[in-house]
Amino acid sequence: SPSCPDATKRRVCYYYDGGIANVDFGEDHVMVPRRVDMAHALVRSYGLLDHMTRLRTRPATEHEIAAFHEPGYVGFLRDLTPEAFNAAGGEMTTTAQKYKIGYDNPAIAGLWDYCRRYAGGSLAAARALASRDADVAINWSGGMHHARRGNASGFCFVNDIVLAVNELLGHFGRVLYVDIDVHHGDGVEAAFIDSNRVMTVSFHQRTTHGFFPAGKGNLRDVGEGQGELHAVNVPMYKGMDDEGYHLLFKPIMEKAMGVFQPEAIVMQCGGDSLSGDRLGRLNLSVAGHAQCVSYMRSFNVPLLLLGGGGYTINHVAACWCYETAVAVGKEKEIDDHIPVHCYDGYYSSQDYKLHYPVDKKRKNENTSIYIRDTATAVIRNLSAIKG
Ligand code: ZLS
Ligand code: CA
Ligand code: ZN
């Protein structure tokens, strides 16, 4: 049951729709949906499916997606084809610009189907928690935290996180959102900026020198109106290591749990905060990243685990497999050596190990003073919520 003590069994529901595996953002794009198929292949090879319920679900409907997104944007996404986009002129061009389609967010084949599938997984996972059928629910295809009500952003088209949080809000009084992707979770923060029923907490690489999303997620951005102090932002300099990260993550999340007392937790586990990512410049190990998951799991509150970014695909797949093991409480039993399976060739650069070494030469630009002062400032804000 959800009240069992830590290190004991959780009922875990796992959602993976193989229909996303062949979605292609284009050969020079950094987003590779197949990384989720790679994670799934690892999960299967390690025998982790025997410790959870794998549920197949239907893709989200247009109606479900339109519960958050603007009707005009939904209709545009539904009808968008690469052919129409590439032949574009006139109205198509200005409309595509309005919805931020192109470059980062390409008009690819099967886009609407892809969005429906990853959003369907997150909605089904939220329902499994709401009905108390699961203690932990996982959808590594979700976590698309930048999508806005009326436009795409940062490789995200439909914000499955907002849909899942809204589903949870139908059954739980307060929902905590935790985002360990290297990028700021701006789309989720904006959707709940004035709500005191959702606390959003993002840990991310600083955006002050143009790192995406530029200018967002400042320490002083704390929410608005009723939601004041319910947006929490923890920016970090490049090179952050496990030790420094957890000097922030653990005390901040402990305080957030204490003052907010959420009835459900949604965690975006973007793998671009790992060492050696193609876009991110933090220096977390797989174990350090997974410790965030194990820490949030230890509170025994219904927990939704989602994917997100992650651009060195072998690193991300190894990380999400290990985090699946954490979810089912089998991380101590998992062999570091990656089993022979269909994707094993992708792991040669990490010596076929789940736990690859971090970059020992990279300087941690976060000073101990910065870490201490940031933790103090965030915890002081959180303390102001309750006396
Ligand atoms: O959090 O920085 C930007 C925006 C631009 C610079 C890049 N150009 C193409 C568009 C304008 C200001 N975009 C970021 C988005 C990062 C999204 C992270 C998503 C998530 O992890 C959750 C899933 C960005 N950084 C790097 C790129 N875009 C990028 C790198 C390489 C390429 C190839 C494909 C596309 C165009 C060339 C692209 C984008
Ligand atoms: Ca983040
Ligand atoms: Zn990211």
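Which strands does helix 11 (residues 313-328) lie across, and at about what angle does the helix run to strand 3? I found helix 11 lying across strand 1 (12-14), strand 3 (136-139) and strand 8, and running at about 165 degrees to strand 3. Helices (H or I, at least four residues) and strands (E, at least two) are DSSP runs, numbered from the N terminus. The angles run from 0 to 180 degrees between N-to-C directions, with axes fitted to C-alpha atoms, for helices over the stretch in contact, where contact puts the C-beta atoms of two residues, placed from the backbone, within 7 Å.

I noted that this is a predicted model, in which local features need pLDDT of at least 70 and side-chain atom pairs count only at pLDDT 80 or more, while totals for chains, interfaces and linings use all residues. Residues are numbered from 1 along each chain as its sequence is written, and chains are lettered from A and ligands numbered from 1 in the order in which they are written.

I traced an open sheet of eight strands in the order 2-1-3-8-7-4-5-6, with parallel pairing, two strands being paired if DSSP finds at least two bridges between them. Strand 2 (53-54) and strand 6 stand at the edges with a single partner strand each, so one side of each has no neighbour in the sheet. I also checked strand 4 (residues 175-179) against strand 7 (residues 264-268): the two run parallel and are joined by five bridges, and Leu 176 has Ile 265 as its bridge partner in strand 7. Helix 9 (residues 242-260) lies across strand 4, strand 5 and strand 6, at about 170 degrees to strand 5.

The peptide bond from Phe 212 to Pro 213 is cis, with omega near -10 degrees. Leu 229 lies in the loop between strand 5 and strand 6 as well, and its phi is near 75 degrees, a positive value. Most residues other than glycine have a negative phi, and most peptide bonds are trans.

Last, I went to ligand 1. I listed 19 residues around ligand 1, the closest being His 29, Gly 154, His 183, Phe 212 and Gly 309; a residue is near if its C-beta atom, placed from the backbone, lies within 6 Å.
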